[in-house]
Amino acid sequence: MSEPSQTWTILAVLNWTAQRFTEAGLGSPRLDAEVLLAHVLGYSRVQLYTRFDQPLERTELDAYRELIRRRLKGEPVAYLTGTKEFWSLAFKVDPRVLIPRPETELLVETALELTADLPAGVLADVGTGSGAIACALKKERPGWRVLATDVSGDALAVARENAARLGLDLELLEGDLEAPLAAHAPLDLLVSNPPYIDAAELATLQREVRDHEPRLALSPGTDGLAVIRRLVAAAAALLRPGAALALEIGTGQGAAVRALLAGAGFVEVAVRRDYAGHDRVATGRRPA
């Protein structure tokens, strides 16, 4: 977009940007171009399609160029716009927290199924990050008490802002894994999307994930199961008899996590796969 005399319409800008993103090897070039331009203009993506002939003002072009520059350096689109949708809710996200993934909605679905027969109770989301899982569950279980923990005070600040903006009452607790929950036991459900990517696998991730999202939320280090192992070992003491544990896990970790749950005395142990066919959610119940 260097020709000063050219009139840059929405369509022309989108076409140019999508081509540039394609040449840079970005995974969803047209979508990224549309999301970023819609953010700059304050439009929905549908509105872009109804205004293809609209020329952009100089200030709008300058703002869009800056986002293009940052995207080409690998910054995730969600950090550039500051928002990400999860469970039909809009969450504020920034580099303090992991960006919520669509596949994590399976964890929410599973948690709701596990508590379908309980009118009220206490549930905890360990490692809440942006608060996406906890807020989604509070939205669907308004009568429940929802605790959300994180070792990162910065992450809890983001979760607190999201909960307040969505009008959802969460109890936010700072501390490592299960430690802040001891005073609030027994729980009727414990859920977590813990860090589960081992150090060797980090190198294979997309640059935008590897270089920009918080490492603490992605990987526990050399052993991808280190945090899951600790959570499984601690969960039984926190859960009411008959209560459930649900964990997001990584591809290929199903058998190992199933064994961990069974070894810790959990029953009804199961592993659910996501729509791509990958191991995604492991569950078990404390014996009644």
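Arg 71 sits in helix H4, residues 58-72. Helices (H or I, at least four residues) and strands (E, at least two) are DSSP runs, numbered from the N terminus. Which residues touch Arg 71, apart from its neighbours within four places in sequence? They are Phe 21, Leu 26, Asp 32, Leu 36, Pro 76, Val 77, Leu 80 and Glu 208, where contact means heavy atoms within 4.5 Å.

Before we go on, a word about the model. It is predicted, so local features need pLDDT of at least 70 and side-chain atom pairs count only at pLDDT 80 or more, while totals for chains, interfaces and linings use all residues. Residues are numbered from 1 along each chain as its sequence is written, and side-chain values use heavy atoms, leaving out hydrogens and water.

Now step back to the whole chain. The protein chain contains 13 helices and nine strands. Along the principal axes, its C-alpha atoms fill a box of roughly 75 × 40 × 30 Å. The radius of gyration, taken over C-alpha atoms, is compared with a globule rule of 2.2 Å times the number of residues to the power 0.38. For 288 residues a compact globule would have a value near 19 Å, and the 21 Å of the protein chain agrees with that. Of the 288 residues, 49% count as buried. Among contacts with a separation of 6 or more, 64% join residues 24 or more positions apart.

What lies inside? In soluble globular proteins, nonpolar side chains tend to be buried together. A nonpolar core is a set of buried Ala, Val, Leu, Ile, Met, Phe, Trp, Tyr and Cys residues joined through side-chain atoms within 4.5 Å. The largest one here has 30 residues, and those with the most contacts inside it are Phe 86, Val 108, Ile 133, Leu 137, Leu 170 and Val 191. Several elements each supply at least two residues of this core, among them helix H6 (105-114), helix H7 (132-140) and strand S6 (187-192). The largest share, six residues, comes from H7. There is also a second, separate core of 28 residues, which includes Val 126, Leu 173, Leu 181 and Ala 243.

Beyond its neighbours within four places in sequence, Val 108 is in contact with Phe 86, Trp 87, Ile 133, Ala 136 and Leu 137.

Finally, look at the backbone. Most residues other than glycine have a negative phi, and most peptide bonds are trans. Ser 88 has a positive phi of about 60° although it is not a glycine. Is Ser 88 buried or exposed? At 61% relative accessibility, Ser 88 counts as exposed. Leu 177 also has a positive phi, near 50°, but Leu 177 is buried, with a relative accessible area of 12%. Leu 177 is in the loop between S5 and S6. A cis peptide bond, with omega about 5°, joins Ala 185 and Pro 186.

Note on methods:
Buried < 20%, exposed > 50% of the residue type's maximum accessible area, 1.4 Å probe, protein only.
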